[in-house]
Amino acid sequence: MSDTPFGFGLPPEEPEDGDEGKKKDQQGGGGQGPANPFGFGPAGAGGGDNPLAAMFGSLNPTDLGAAFQQLGQMLSYEGGPVNWDMAKQIARQTVAQGTSDGTKDASVGPAERTAVEEAVRLADLWLDDATSLPSGAGSAVAWSRAEWVEATLPAWQELVDPVAERVGAAMGDVLPEEMQAMAGPLIGMMRSMGGAMFGTQIGQAVGVLAGEVVGSTDIGLPLTPAGKAALLPVNVEAFGKDLGVPKEEVRLYLALREAAHQRLFAHVPWLRSHLFGAVDGYARGIKVDTAKLEDVVGQFDPQNPEQLQDALQQGMFQPEDTPQQKAALARLETALALVEGWVDAVVHAAAKPRLASADALRETLRRRRASGGPAEQTFATLIGLELRPRRLRDASRLWASLTDARGVDGRDNLWAHPDMLPTASDLDDPDGFVHREQLDFSELDKMLGEAADRPDLRKKDAAEGDDPTDGTPRDGKGDSKGDDGE
């Protein structure tokens, strides 16, 4: 193929026909001249590693059709702040490449599906003794990594779009108003590129995370609709590979965690909106580093679109150092810790008497959640947020103390209302919270109901106090005897 626009072709140092090949390559845009306006050259062609290699694959001639199609999608995108079609495509490609340890994704077979269903069913039976919340797993599914990507992308969109929207708006705001009209096409192109770059980064992060998670609730947020407990058999096996624990016990312990999360999300109806609201509240306090963005916009070169990707990789988000933002961060960290701490305490209570490996598996998962993985670090860079329960151990101790002091029912009743939950300061003083008098919301509801009924009661009393013959009210003297009789 002699004419290769946009720089997609054979490396110039390996021409097909000697000097003639070099001449053809220069004419066809194989170098970095005017015929190559976007600067997408092959790796090793003088341009370094291709920053969009995740989108364009190996860039051999057989990939040209797909490469041009994706380039067109990137430049013509006019949707929201993130190109989610591209994100899904990149995530699927990342999953297909396998993980760093060489583990490849695979379709789930009937035997694995049956094993997951039985593990979740048994886990639910064990949890009945450890929590007063009824089962929340209406079904149990075994997913491949690719299926996990498809199922969780809507939740990632809800999490990422608000921050990405701020970046998109900032791209237009960094230019003076009088220049924005003249630079309209450039701004539009930059926003399309920004949506594509965000989609690329999010897709890569979701794809990597799909190789790490063992279920649908690993990050503490409900990424799928309530009532569907999910495990990824290929990741469950990889997780337990070097633990020296029978794989059946590993699967069952992870099923306990998944089923416990499902109980919480299914029977605490306000919890999902509370968690996502905490994320959104924190995101609203994130500011874009306009100085860095202005530098990117001022030096934007259509031949080097990777500048936008580099800016995203380096992070352009800074949390505002205000009391409101600190409170939002504390609220989010506490919410994540309370969910994970409750699950940790409940699962340990259910597993300890039954699984010899319960303590070892508990500690392994605690460390795993505390450290996070590469994908979680990518999300921290992209949206300025680490989805990790920093105070997991504190929260777990508090829930365990509540169980000892108030019993299972008294502990789980705290999920009846968000105002009844422990706060960040309560995690500092768990004993104080455990022994503090808690407002009984059932009594409050009863009082409110009685107050609402008082007008009817007054009407009834007035009707009973009327004279049955002429309807005039009785005076106190005539009615005193009847009152005493009551």
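1. Let's start inside the protein. The second largest cavity is lined by Val 214, Gly 215, Thr 217, Asp 218, Leu 231, Leu 254, Arg 257, Glu 258, His 261, Leu 365, Arg 368 and Arg 369. Please keep in mind as you read on that the model is predicted.

2. Which helix gives the largest share of that lining? The helix is α10, with four residues. Sorted by class, the lining of the second largest cavity holds five charged, four nonpolar and three polar residues. The volume of this second largest cavity is about 100 Å³, and the count of cavities of 30 Å³ or more comes to five.

3. One lining residue deserves a second look. Arg 257 lines the second largest cavity and sits in helix α10. Is Arg 257 buried or exposed? Arg 257 counts as buried because its relative accessibility is 12%, and the cut-off for buried is under 20%. Leaving aside residues up to four places away in sequence, Arg 257 touches Glu 340, Val 343, Val 347 and Leu 365.

4. Now for a space that is open. The largest pocket has a volume of about 450 Å³. It is lined by 19 residues, and those closest to its centre are Thr 99, Ser 100, Asp 101, Gly 211 and Glu 212. Three helices, α4 (84-97), α8 (184-210) and α9 (233-239), each supply at least two residues of the lining. By class, the lining of the largest pocket has seven polar, six nonpolar and six charged residues.

5. Next, look at how helices meet. The axes of α11 (residues 271-284) and α14 (residues 323-351) come within 8 Å and cross at roughly 145 degrees. This crossing of α11 and α14 is left-handed. On the α11 side, the contact uses Leu 271, His 274, Leu 275, Gly 277, Ala 278, Val 279, Gly 281 and Tyr 282. Facing them in α14 are Gln 325, Ala 328, Leu 329, Arg 331, Leu 332, Ala 335, Leu 336 and Val 339. Eleven residues of this contact of α11 with α14 are nonpolar, four are polar and one is charged.

6. Helix α14 has another crossing to explore. Its axis and that of α17 (residues 392-412) come within 8 Å, at an angle of roughly 65 degrees, and the crossing of α14 and α17 is right-handed. From α14, the contact includes Trp 342, Asp 344 and Glu 340, while Trp 399, Arg 411 and Asp 412 are among the residues of α17 that take part. By class, the contact of α14 with α17 has nine nonpolar, four charged and two polar residues. Glu 340 links back to point 3, as one of the residues touched by Arg 257.

7. Finally, step back to the whole chain. How many helices and strands does the protein chain have? There are 21 helices and four strands. Of the 486 residues in the chain, 45% are buried. Among contacts with a separation of 6 or more, 78% are between residues 24 or more positions apart.

Methods
Residues numbered from 1 in each chain as written. Predicted model: local features only at pLDDT ≥ 70, side-chain atom pairs only at ≥ 80, totals over all residues. Heavy atoms only, no water. 1 Å grid on protein atoms, 1.4 Å probe; cavity = no way out; pocket = protein on both sides within 12 Å on 5 of 7 lines; lining within 4 Å. Points joined across faces, edges and corners; volume = space filled by probe spheres on them. Nonpolar A, V, L, I, M, F, W, Y, C, P; charged D, E, K, R; others polar. Axes fitted to C-alpha atoms, helices over the stretch in contact; angles between N-to-C directions. Left-handed = near helix turned anticlockwise from the far one by under 90°. Contact = heavy atoms within 4.5 Å. Buried < 20%, exposed > 50% of the residue type's maximum accessible area, 1.4 Å probe, protein only.
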